[in-house]
Amino acid sequence: MKMTVNLSGGSYDIIIERGVLSRVEELLNLDRKVLIVTDDNVPKEYSESVAKKSLHPVTVVLPNGEGTKCLDSYKLLLEKMVTESFTRSDCVVAVGGGVIGDLAGFVASSFMRGVDFYNIPTTLLAQVDSSIGGKVAIDFMGYKNIVGAFYQPKRVIIDADTLKTLPYRQIANGLAESVKMALTSDSELFGIFENDNIADNIDKIIEASLIIKKGVVEQDEKESNLRKILNFGHTVAHGIESDSEMQEWYHGECVAVGMLPMCSEEVRLKLIKVLNKIGLPTEIKCDAKRVIKAMSHDKKMSGDKITVVTVEKVGSFKMEEIPFKILSERIEEVL
């Protein structure tokens, strides 16, 4: 299946097909120098599939985890491109999860003011969310995604067969982002989570999630308004991720908990049942005040107010600017 993301500055395709990684040379221009960025938790066969089809592959394997999305890794990749004499006509390919996609995309956006970037997400979270939309970034001074850019990929390749090597916790991690999109935009998708066998519907969940995100990005590429709905649950999630005691939590697990204070009581009860079904957390095990303090650095802050997305009814949303004090009280009450 092919989806096309249509933007004012151009368009790009998302190719969704099981087994497509085996014919990647038909879909990507690899007849040049190719920086392949992956991590040590991604099966080598995935990056090797790209390397074997590239004219001049340069593969960099980074440590797995959020800590890799940092200034040191960014510098290392740029140094590699300079050392290997990359030019503006060469490209970068990310093979991995959201961390690798964000980092590699940011490198591509800034090397010689921009080279071609291809994204091959191998985790469910990246496949349903972070691999499209053009947000690329690194973390800095303990704050997530605080240094970055909007830089769209030339093409995204999604092969759901890569999910077979993931532990279930990583699958659940990705499902959190799909639940997020279902709550704000698609009650039928939320119905799958409520009533159906999730494993039997993974392909349908990936497709439905991408349709939602594609539509949002096409209407608001640079997050001036509508795209903020994709941050549903993320304000609290980023606060949780900044807490040193919560570093072992995955991003989707933080988003799962982060959605709860942003829902009406009726929706929250439904959401808790879905999160329990998936195996995602419904409460934090740290001091909520530390999470709230970290949230004060959120990009959506304006004076003493913050813009948040709330869900009163499944499949719809509201965007509200509320006093930070009110949000803090709500978080302490719910979490």
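Colleague: Which residues of α3 are buried?
Modeller: Happy to list them, taking buried as under 20% relative accessible area, exposed as over 50% and partly exposed as in between (1.4 Å probe, protein chains only). Helices (H or I, at least four residues) and strands (E, at least two) are DSSP runs, numbered from the N terminus. Twelve of the 13 residues of α3 are buried, so the helix is largely enclosed by the rest of the structure. They are G98, V99, I100, G101, D102, L103, A104, G105, F106, V107, A108 and S109.

Colleague: Before we go on, what kind of model is this?
Modeller: Residues are numbered from 1 along each chain as its sequence is written, and side-chain values use heavy atoms, with hydrogens and water left out. Local features need pLDDT of at least 70, side-chain atom pairs count only at pLDDT 80 or more, and totals for chains, interfaces and linings use all residues, since the model is predicted.

Colleague: How far apart are the end C-alpha atoms of helix α3?
Modeller: The expected span of a helix is 1.5 Å times one less than its number of residues. For the 13 residues of α3, residues 98–110, that rule gives 18 Å. The model agrees, with the end C-alpha atoms apart by 18 Å.

Colleague: Which residue just after α3 takes a positive phi?
Modeller: Look just past the end of the helix. The phi there is about 50°, and the residue is M112.

Colleague: Is N145 buried or partly exposed?
Modeller: N145 lies in strand β8, residues 143–150. Although not a glycine, N145 has a positive phi of about 55°. Its relative accessible area is 21%, so N145 is partly exposed.

Colleague: And where does S85 lie?
Modeller: S85 is another residue other than glycine with a positive phi, near 60°. At 44% relative accessibility, S85 counts as partly exposed. Its place is the loop between α2 (71–83) and β5 (91–96).

Colleague: Which residues is N225 in contact with, leaving aside neighbours within four places in sequence?
Modeller: N225 lies in the loop between α7 (202–219) and α8 (234–241). Contact means heavy atoms within 4.5 Å. N225 and M319 are 94 residues apart in sequence, yet 9.1 Å apart in space, C-alpha to C-alpha. The contacts of N225 are D220 and M319.

Colleague: What radius of gyration does the chain have?
Modeller: The radius is taken over C-alpha atoms, and the globule rule is 2.2 Å times the number of residues to the power 0.38. With 335 residues, a compact globule would come near 20 Å. The chain agrees with that, at 19 Å.
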